[in-house]
Amino acid sequence: MAFKLAISLVSLALSAAAVPSDSRRVTCSKGRTVSNSQCCIWYDVLDDIQANLFDGGECGEEVHESLRLTFHDAIGFSPKLSREGKFGGGGADGSIMAHAEIETNFRELKYLTQIYHIIIHSPDANNGVDDIVEAQRPFAIKHKVSFGDFIQFAGAVGVSNCAGGPHLQFLAGRSNDSRPSPDLLVPEPSDSVDTIIARMGDAGFSPNEIVDSSLPIQLPLKIMLTPLFPLGTPFDSTPSDFDTNFFIETLLVGSIVPGNGTNVGQVLSPLAGEFRLQSDANIARDPRTACEWQSFVNNQKLMVSKFETVMKKMAVLGQNPGHLTDCSEVIPVPSRPLTKKPSLPAGKKLSDIQAACKATPFPSLTADAGPQTSIPAV
C-alpha cells in the first residue's frame, strides 16, 4: 500500500504512456497473442486465478475483496508527507502484501475489520484485509510476478467477471522492492467529508474523483459485524452487479439499523439487511460531491467510464507509467450485461430520496413491484 514519489501525480496520470509494444503479435500459451512478449505470463496468471481464486470466473467475495485491495495498496501515498521530508509511501507497489505484518495492522484497517470484519470464507471475526492478501500471495509467488502488479491485475480481472463491469487498464512491470506505507493514510468511515477530501486530495484526487472511485471500497463489499450482523451484509441490494443501485439507495432516507445498535462509522439504512457507512451517506449529500453522485443514478455507462478513468490513475500512483508495459489486452472484456434498468427498491418512492444536488433535478425512477425490499446476506 505504498507509492514512490518521483514525478507529480497529476503529470503521471496525464502522461501515462506505456512502454511501446512490439510491432508484431507474439503467440502465448493456448495460441493467444499479445502485442508485447512481456504480457504472455499474464495469460497464465489469468487462467490460474479465474479457476482457483475467482471460482471459475464468478463475481464473488474474492473479486470484491481483490478490487478493494487495489485501493488499499494504492492509497498509501502522500506527497504532503514527502514535502515534510518524511517517507510518503510508494503507492501501488504491492507493499500491503510485501509488508502485510505491518500494513494489515494499521489503525485504519484494524478499525475497518473491527467494524465490519471483511469476510472471504471464514466466520472468524479477526479476518480482514489480511485474508485476501494471503489468498493472493501464493499466485504471485508461483508465477514470479511482483506483488504490486498482481494486486492490480487481480482487481482488474475480477471486476470484469461482474455483470455490467468495467474493462480496466493493466500496466505491468512494477518492482517488487517496497517499503511499508505510512499509517493513517486510508480514509475511515467515521471521517468527515472535509477529512476525506483532504486525504484523497493529498493523493491527487478531486472531490468528484472520490465519488468516481467509491466503487472499489464500497459497492463490492460484503460485511459482517460479529455478533451484530449476519455474515455477508451488503451495501446495496445487488452486490454482485456493477450497477447504479449503490448510488440510488445511499440517497434513500435511513430508518433501519441492520443489527442491534449503530456502531462508529455506521448510520441508519433504508432497507432491512443493508449496511450504510457514515462516509457514504455524507459524501452523497455534500454539496461538493452530491451532483457527481447523482449523475450516476440512472447512467451506468457514465459510472463505468468514470470508474475506468479514475482507476487508471489509481493503479499507477507512485509509479512511472512510461516504465511499465501495457498488458490491458489480457484483461477479459466484460461480457455479462445488466438485465435491469435503474429503479427504486420495492416499497420505496421518490419522496424517500434525499436529493442533494441543487444544479439538476433528481432523475425520475419507478419502484420495483412487490413487497418492501429486504436484502438477504450474501
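Which residues have the most contacts inside the largest nonpolar core? They are Trp42, Ile49, Phe150, Phe153, Trp293 and Val330, in a core of 78 residues. A nonpolar core here is a set of buried Ala, Val, Leu, Ile, Met, Phe, Trp, Tyr and Cys residues joined through side-chain atoms within 4.5 Å. Helix α9 (residues 147-160) gives the most to this core, with 8 residues. In soluble globular proteins, nonpolar side chains tend to be buried together.

The model is predicted: local features need pLDDT of at least 70, side-chain atom pairs count only at pLDDT 80 or more, and totals for chains, interfaces and linings use all residues. Residues are numbered from 1 along each chain as its sequence is written, and side-chain values use heavy atoms, with hydrogens and water left out.

## Overall make-up

The chain has 15 helices and 8 strands. Both are DSSP runs numbered from the N terminus: helices are H or I with at least four residues, strands are E with at least two. Of the 378 residues, 57% count as buried. Buried means under 20% relative accessible area, exposed over 50%, and partly exposed in between (1.4 Å probe, protein chains only). Among contacts between residues at least 6 apart in sequence, 73% join residues at least 24 apart. A contact means heavy atoms within 4.5 Å.

## Around Trp293

Leaving out residues up to four places away in sequence, Trp293 touches Val211, Phe246, Phe247, Thr250, Leu251, Asp280, Ile283 and Ala284.

The model holds 9 aromatic pairs. Rings of Phe, Tyr and Trp (its six-membered ring) pair if their centres lie within 6.5 Å; planes under 30 degrees apart count as stacked, over 60 as edge-to-face and the rest as tilted. Phe247 and Trp293 have ring centres 4.9 Å apart and planes at 70°, so this pair is edge-to-face. The pair links distant parts of the chain: Phe247 sits in helix α12 (residues 245-249) and Trp293 in helix α14 (residues 290-295), 46 residues apart. One aromatic cluster takes in Phe246, Phe247, Trp293 and Phe296.

Phe246 also belongs to helix α12. Its C-alpha atom is 9.9 Å from that of Arg276, which is 30 residues away along the chain.

Glu292 is in helix α14 too. Beyond its neighbours up to four places away in sequence, Glu292 touches Asn208, Val211, Asp212 and Lys306.

The table gives the accessibility of residues discussed in this report.

| Residue | Relative accessible area | Class |
|---|---|---|
| Phe247 | 0% | buried |
| Trp293 | 1% | buried |
| Phe246 | 1% | buried |
| Glu292 | 8% | buried |
| Asp236 | 0% | buried |
| Pro363 | 14% | buried |

## Asp236 and its polar contacts

Where is Asp236? It lies in the loop between β5 (233-234) and α12. A polar atom of its side chain lies 3.0 Å from the backbone nitrogen of Thr238. The Asp236 side chain also reaches the backbone nitrogen of Phe246, at 3.3 Å. A polar contact is a pair of N or O atoms within 3.5 Å; within protein, one must be able to donate a hydrogen and the other to accept it, and residues adjacent in sequence count only if both atoms are side-chain atoms.

Helix α13 (residues 278-285) has Ser279, Asp280, Ala281, Ile283 and Ala284 as its buried residues. Their cover includes α10 (193-202), α11 (207-212), α12, β6 (266-267), β7 (276-277) and α14.

Helix α15 (residues 300-314) has 15 residues and should span 21 Å at 1.5 Å a residue; its end C-alpha atoms are 20 Å apart, which agrees. The expected span is 1.5 Å times one less than the number of residues. Buried in α15 are Met303, Val304, Phe307, Val310, Met311, Lys313 and Met314. An α-helix has 3.6 residues a turn, so residues three or four places apart point the same way.

The charged end of Arg179 sits over the ring of Phe87, 3.8 Å from its centre. Arg137 lies over the face of Phe147, at 5.8 Å from the ring centre. The rule asks for NZ of Lys or CZ of Arg within 6 Å of the ring centre and within 35 degrees of the ring normal.

Pro363 is in the segment after β8 (325-326). Setting aside neighbours within four places in sequence, Pro363 contacts Gln294, Val297, Asn298 and Leu350. The C-alpha atoms of Pro363 and Phe296 are 10.0 Å apart, across 67 residues of chain.
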